[in-house]
Structure formats: C-alpha cells, structure tokens
Amino acid sequence: VLVGVVIYMALTITAINLIQRQRNFIDSVTHELKSPIASLKLYLQTLGRLDVTEQQRADFYRFMLDDIERLDRLINHLLEAASVDHEPVDMEVQEIDLADVLKSCAQTVCSRYRVPEDTIVTQIRSAVIRARPVDVDMIFRNLLDNAVKYAGTEPAVTVDCRRVGQQAVVRISDNGRGISPKLRRKIFGRFVRLGRELEREKPGTGLGLYIVRTLVKRLRGRISVHDRPGGSGTTFEVQLPLSVKQAAAA
C-alpha cells in the first residue's frame, strides 16, 4: 500500500507539473499572437483614419514588418517543435562543416535583433559532422538566439568551436544573469520557461531548448550547461561526433 501511495503521489506531481507547463505555454503563445496582431490593427487603423507624414508612414510600415516577422518566427518555432518528433530520412543526411553553420547563424541572429555583428565573437575551427543541415541550423540558431536575447543590456556572446578527439565541441557563452545549477536540467523540458509567464519581458514559447536537446540526442551528441568562465552568464556546450573521415584523421 505504501509503495502504491508513493507511486500515485509521484504520478500526480508529474501530471501537475505538466499541466502547469502547458498552461505557461498557452499563456506564452496567446501573448505572442495577440501582441503583434493588436499592434498591426492599431497601425492600420491609424493609416486609414489620419493623415500622417511620409516619415510616420515609413515608420509604421517598418513597425508592421517587425510584427509580421515576430509572428513568422513563432509559427516557425511551433512547426520546428512538431518536426523534431519525426526521424530524418537517410538521404537528407550529409557532411556539414560547423564553422559555416555557426557563422551563418551568428549573422542571422545579429540581424534579427539589430545588433552589431561583433556582438557575437567567434573562435571557430573547421569541424565536420554528418547530419541534416536543417537540424544543425535549428540547434545553433536557437542557442545563439537565446544567448543574445537573455544576455545583459549590452549583449556579448562568444562562440568557440574546435575538435577534441573524435568530437566536435561548440561552446556558446553569454553575459546574462546565468542559470541556477538546480534548474539546468529542467530548462530542456517541453514548454519549460523559468519564472511566471505573464511577468516576463522576453518573448518565447519554452520550446527552443527542448528542440535543441532532442536534435543533439538524435545526432548521438551531448549538451551541458555551465557558468561562464570569468564572470556572470551561461555557457552551453554541445558535443557532436565528427564525421567518419575527420574522426579517422584525428
């Protein structure tokens, strides 16, 4: 009876936590949908009812484009989360140099947040792995996006990529608040975001790190979280097996 009670309590706590995460996810997605839609509606109503200057008109168009991009990112994120549950087709797998992927992702993230390209400092060496290009892009685009989004008021992100034995090791460090050691395993769960959903300043769905962990495990790799050396912040370390040719050469 005692064993049954313990199992029942454990399952109940797990169900409660899942319901809370799902509620956070619904709150997050609802906010992410309503905010840009309300903004678009306001700008369109203003353009339709008032005479505005050419400069104001140009600003309104730019703001509306930002809102559309925000909606596009949210939809893509949800589609990516749905796609990670499907095994890739072997024909889609190819040899990929992580140096090229990291540079491309860094440029994309800097452009998205309108920060200088030197916000992300790279120290990258060639490391070739076998994977689907879309999977590798999702892994490092999500990690770099989080690094810039949750960094300090003046983001400073470093990316280090090198070969260690038969592994490609990528370390992405930011200058944000850091993550408590007791929460570092929890952040990779589906729908998990730290803190209360409606009090957050940063947008998100709680799916990014779930996508990252799922894809890294699929590639027979590992991901871990550490304190940033030499100051506040977080370092995400991704280890992926090198391609057969490069591993043999190593």
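Predicted model: local features only at pLDDT ≥ 70, side-chain atom pairs only at ≥ 80, totals over all residues.
1. Overall layout. The protein contains six helices and seven strands. Along the sequence these elements follow the pattern α-α-β-α-β-β-α-β-β-α-β-β-α. Buried residues make up 41% of the 250 residues. Of the contacts between residues at least 6 apart in sequence, 71% join residues at least 24 apart.

2. Packing of H3 on H4. Two packed helices are described by the angle between their axes and the distance between the axes. Helix H3 (residues 98-112) packs against helix H4 (residues 133-149) at an angle of about 45°, and the axes are 9 Å apart. H3 is therefore oblique to H4. The crossing of H3 past H4 is right-handed.

3. Residues in that contact. H3 contributes Leu-98, Val-101, Leu-102, Cys-105, Ala-106, Val-109 and Arg-112. From H4 come Val-136, Asp-137, Phe-140, Arg-141, Leu-144, Asp-145 and Val-148.

4. Aromatic pairs. The count of aromatic pairs comes to three. A pair of aromatic rings is described by the distance of the centres and the angle of the planes. For Phe-188 and Phe-236 the ring centres are 6.3 Å apart and the planes stand at 85°; planes over 60 degrees apart count as edge-to-face, so this pair is edge-to-face. Phe-188 sits in the loop between strand S5 (167-173) and helix H5 (208-218), whereas Phe-236 belongs to strand S7 (residues 234-241), so the pair ties together parts that are 48 residues apart in sequence.

5. Burial of that pair. The cut-off for buried is under 20% relative accessible area. Phe-188, at 7%, is therefore buried. Phe-236 has a relative accessible area of 9% and is buried.

6. Aromatic cluster. One aromatic cluster is formed by Tyr-43, Phe-60 and Phe-63.

7. Helix H5. This helix is mostly covered, with eight of its eleven residues buried. The buried residues are Gly-208, Leu-209, Tyr-210, Ile-211, Val-212, Thr-214, Leu-215 and Val-216. After H5 comes Arg-220, which has a positive phi, near 60°.

Notes:
Residues numbered from 1 in each chain as written. Heavy atoms only, no water. Axes fitted to C-alpha atoms, helices over the stretch in contact; angles between N-to-C directions. Helix = DSSP H or I, 4+ residues; strand = E, 2+ residues; numbered from the N terminus. Parallel < 35°, antiparallel > 145°, perpendicular 65-115°, else oblique. Left-handed = near helix turned anticlockwise from the far one by under 90°. Contact = heavy atoms within 4.5 Å. Phe/Tyr/Trp six-rings, centres within 6.5 Å; stacked < 30°, edge-to-face > 60°. Buried < 20%, exposed > 50% of the residue type's maximum accessible area, 1.4 Å probe, protein only.
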